[in-house]
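The report that follows accompanies the sequence and the coordinates. Please keep both in view while reading.

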Amino acid sequence: MTITVDSTAVRVLAPPLPARLSLTPKTTLAGQLDGAWWPRSRNLDAELPALLDALDETWERITRVTVNPTHWPVIPHRVPVAGHTVHVGWFTEQDPDKMILLSRRVGRWDLLVIPPETEPAAAARLMSAAAIPGSVLTAAALLTAEAVTGSAVEARGREDAWETEGGACMSPFGYPMGCRFGPPPTDTWR
């Protein structure tokens, strides 16, 4: 059997997905963070162009990005973005859950980086919390608080399910026990 590959065939690639981003509204209140970004993977080469394209509209041209290498397996030195190149650096002293963006004209922004594997409900809470003007919570503090709060929300959901399914009021045989749901079952052995 012979297989022929046409190397001149045009590949149609899907358009890149938009950045999942939440920014602090413009205000005079300066906080620890200027918003949050929820990437889809830990691949900076693939993720940064969509983020920087979205930010170019709001914050003008981003020229430099810094990250902590803890959560990024490969850190490119440069990333091409819409006609210009963004320089990427890393610092082990930087908060591993934060990204710093620099622009020549406008200044510096700090974004919480929400881990890609985060559940959507938790990511939504984190994006909202990071965009509160004047917040004194750091990226690490927000993620720690979400871990505690998210566990409590999940436990509450399990408890609600337990109660709506009968919970502690059901006997092992499926009969209500100690709750007033109607008359007790009749004894058919007498």
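Contact is used here for heavy atoms within 4.5 Å. By that criterion, and not counting residues up to four places away in sequence, P116 touches W38, P39, R40, S41 and R42.

## Basis and confidence

This is a predicted model, in which local features need pLDDT of at least 70 and side-chain atom pairs count only at pLDDT 80 or more, while totals for chains, interfaces and linings use all residues. Residues are numbered from 1 along each chain as its sequence is written, and side-chain values use heavy atoms, with hydrogens and water left out.

The mean pLDDT (the predictor's confidence in each residue, from 0 to 100) is 80 for the protein, and 69% of its residues reach 70 or more. Where pLDDT is low, the predicted coordinates should not be read in detail.

## Overall architecture

The protein has three helices and seven strands, taken as DSSP runs numbered from the N terminus (H or I and at least four residues for helices, E and at least two for strands). Along the sequence these elements follow the pattern β-β-α-β-β-β-β-β-α-α.

Of the 190 residues, 32% count as buried, where buried means under 20% relative accessible area, exposed over 50%, and partly exposed in between, with a 1.4 Å probe and protein chains only. Among contacts with a separation of 6 or more, 62% are accounted for by residues 24 or more positions apart.

## The nonpolar cores

A nonpolar core is a set of buried Ala, Val, Leu, Ile, Met, Phe, Trp, Tyr and Cys residues joined through side-chain atoms within 4.5 Å. The largest such core has 21 residues, of which L48, V65, M99 and L101 touch the most other members. At least two residues of this core are supplied by each of helix 1 (44-59), strand 3 (64-67), strand 4 (78-81), strand 5 (84-90), strand 6 (98-103) and strand 7 (107-113), and the largest share, six residues, comes from helix 1. A second, separate core contains 12 residues, including L33, A36, A130 and A139.

Leaving aside neighbours within four places in sequence, M99 is in contact with a set of residues that includes W37, L44, L48, L51, V65, T66 and W109. T66 itself belongs to strand 3 and is buried, with a relative accessible area of 10%. The side chain of T66 makes a polar contact with the side chain of Q94 at 2.8 Å; such a contact is a pair of N or O atoms within 3.5 Å, where within protein one must be able to donate a hydrogen and the other to accept it, and residues adjacent in sequence count only if both atoms are side-chain atoms.

## Aromatic rings

Rings of Phe, Tyr and Trp (its six-membered ring) pair if their centres lie within 6.5 Å, and planes under 30 degrees apart count as stacked, over 60 as edge-to-face and the rest as tilted. The count by this rule is one aromatic pair. The ring centres of W37 and W72 are 6.2 Å apart and the planes lie at 15°, so the pair is stacked. The pair links distant parts of the chain, 35 residues apart, with W37 in strand 2 (residues 35-37) and W72 in the loop between strand 3 and strand 4; both W37 and W72 are buried.

The charged end of R20 sits over the ring of W38, 3.6 Å from its centre, the rule being that NZ of Lys or CZ of Arg is within 6 Å of the ring centre and within 35 degrees of the ring normal.

P116 lies in the loop between strand 7 and helix 2 (120-130) and, at 17% relative accessibility, counts as buried. P116 and R40 are 76 residues apart in sequence, yet their C-alpha atoms are 5.0 Å apart in space.

In strand 1 (residues 21-23), S22 reaches the backbone oxygen of M127 with its side chain at 3.1 Å. Beyond its neighbours within four places in sequence, S22 is in contact with D34, G35, A36, M127 and A131. I132, by contrast, is partly exposed, with a relative accessible area of 44%, and is located in the loop between helix 2 and helix 3.
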